[in-house]
Amino acid sequence: MTAGDIERLIQLLARLPGLGPRSARRAALKMIQKPETLMLPLATAIQRAAENIRACSVCGNLDVSDPCAICRDPGRDAGAICVVEEVGDLWAIERSGAFKGLYHVVGGTLSALDGRGPAQLNIAGLIERVQSGAAGTPGAAGTPGTIGTPGTAGTPGTAGTPRTGKPSEVILALSTTVDGQTTAHYIAERLAGTGVAVTRLAQGVPMGGELDYLDDGTLSTALKARRPA
Ligand SMILES: [Zn+2]
C-alpha cells in the first residue's frame with residue numbers, strides 16, 4: 001500500500017454521507033490498523049453487496065433477489081402500497097414495524113430546480129401496478145364503490161412470485177418539503193380514476209412533543225388536521 005493508495009482510500013470514504021475528510025481519515029486509519037478483523041471483511045462485504053444487490057423490478061427496493069423479499073412475502077397485505085422517495089425511507093418504515101403492506105420506491109421527488117420530471121422517477125411503474133392489478137376485472141377501476149374497501153385486493157401469492165392483486169389503498173409517505181408535497185399531489189392526480197384510495201401520512205405533534213419546540217409548519221399543519229377530541 002502506497003501513500004497514494006491511502007489517499008485514494010480516504011478520498012473514497014470521504015464521499016460517503018456523514019463522513020467528511022476528517023472522519024474519513026480516522027476510518028481509513030482504523031481499517032489500516034486492523035486489516036484482518038476489519039478491512040478485509042469489509043472489502044468482502046462491499047464486493048458481495050456490489051455483485052448481488054439489485055433493485056426490485058416491482059417496487060424498487062434493494063435486495064439480493066428480484067422480486068424482493070417484501071414483494072414475495074405472502075404475509076404482507078397486497079391491498080396497500082406505501083409510496084416512498086428512497087429505500088432509506090422504506091427501511092425507516094420497516095424499522096417502525098407499523099406497516100405490513102407493500103412498497104413502491106419512486107426514487108426521489110419532482111424538482112423543477114434540479115430538472116427532475118415524472119420521467120426521471122418511477123411513477124409510471126406505480127400507476128402500472130395499481131392498474132395491472134385490475135386485470136381480469138374490466139370496468140372495476142374507477143367504480144366509486146371500490147374506493148376504500150379494504151380486504152378485497154390481494155390474492156395470496158406463492159413463494160417466489162410477487163404479490164398480485166389490485167391494491168385498495170396507496171399511502172403517500174413522501175417528504176413534507178415543497179418538492180415532496182408537489183410529488184404527492186402529482187401522484188394523487190395520476191391515480192385519480194383508478195379506483196384506489198389515496199392517503200398520506202398524518203402530520204402533526206409528535207408523541208411527547210411540546211408545542212413550544214415545534215416549528216411553525218408542523219404546528220399549523222397539526223392545527224389544520226385537527227379532529228374531534
Ligand atoms: Zn419489491
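**Entry 1. Helix 7**

I began with the length of helix 7: its 14 residues at 1.5 Å a residue should span 20 Å, and the end C-alpha atoms are 20 Å apart, which agrees. The expected span here is 1.5 Å times one less than the number of residues. I took helices (H or I, at least four residues) and strands (E, at least two) as DSSP runs, numbered from the N terminus.

I note that this is a predicted model, in which local features need pLDDT of at least 70 and side-chain atom pairs count only at pLDDT 80 or more, while totals for chains, interfaces and linings use all residues. Residues are numbered from 1 along each chain as its sequence is written.

I then looked up which residues of helix 7 are buried, and found Thr-183, Ala-184, Ile-187 and Leu-191. They lie on the same side of helix 7, because they cover an arc of only 100° around the axis. That arc is taken from the directions from the helix axis to the C-beta atoms. For burial I used C-beta atoms placed from the backbone: a residue is buried if 20 or more others lie within 10 Å of its own, exposed if 12 or fewer, and partly exposed in between. Val-178 and Glu-189, on the other side of helix 7, are exposed.

The cover over the buried residues of helix 7 includes strand 3, helix 6 (123–132), strand 5 and strand 6. Contact requires C-beta atoms, placed from the backbone, within 7 Å. Helix 7 lies across strands 3, 5 and 6 and runs at about 165° to strand 5. Axes are lines fitted to C-alpha atoms, for helices over the stretch in contact, and angles run from 0 to 180 degrees between N-to-C directions. Just after helix 7, I recorded a positive phi of about 95° at Gly-193.

I traced an open sheet of 4 strands, in the order 4-3-5-6, with parallel pairing. Strand 4 (101–105) and strand 6 stand at the edges with a single partner strand each, so one side of each has no neighbour in the sheet. The twist averages 25° from one strand to the next. Two strands pair if DSSP finds at least two bridges between them.

I went through the pairs in turn. Strands 3 and 4 run parallel and are joined by 5 bridges, with Asp-77 bridged to Gly-101 in strand 4. Strand 3 (residues 77–84) and strand 5 (residues 169–172) pair in the parallel sense over 4 bridges, and the partner of Ile-81 is Val-170 in strand 5. Strand 5 is also joined to strand 6 (residues 197–200) by 4 bridges, again in parallel; here Val-170 stands opposite Val-198.

Strand 5, helix 7 (residues 178–191) and strand 6 make a right-handed β-α-β unit. Right-handed means that, with the strands pointing away from the viewer, the path from the first strand over the helix to the second runs clockwise.

**Entry 2. Whole chain and single sites**

I counted 8 helices and 6 strands in the protein. Of its 229 residues, 24% are buried.

I found a cis peptide bond between Asp-66 and Pro-67, with omega about 0°. Pro-67 is in the loop between strand 2 (62–63) and helix 4 (69–72).

Last, I looked up Leu-29 in helix 2 (residues 21–33). Leu-29 counts as partly exposed because it has 13 C-beta neighbours inside 10 Å. Leu-29 and Ile-6 are 23 residues apart in sequence and 8.8 Å apart in space, C-alpha to C-alpha.

How values were computed:
Two residues are in contact if their C-beta atoms, placed from the backbone, lie within 7 Å.
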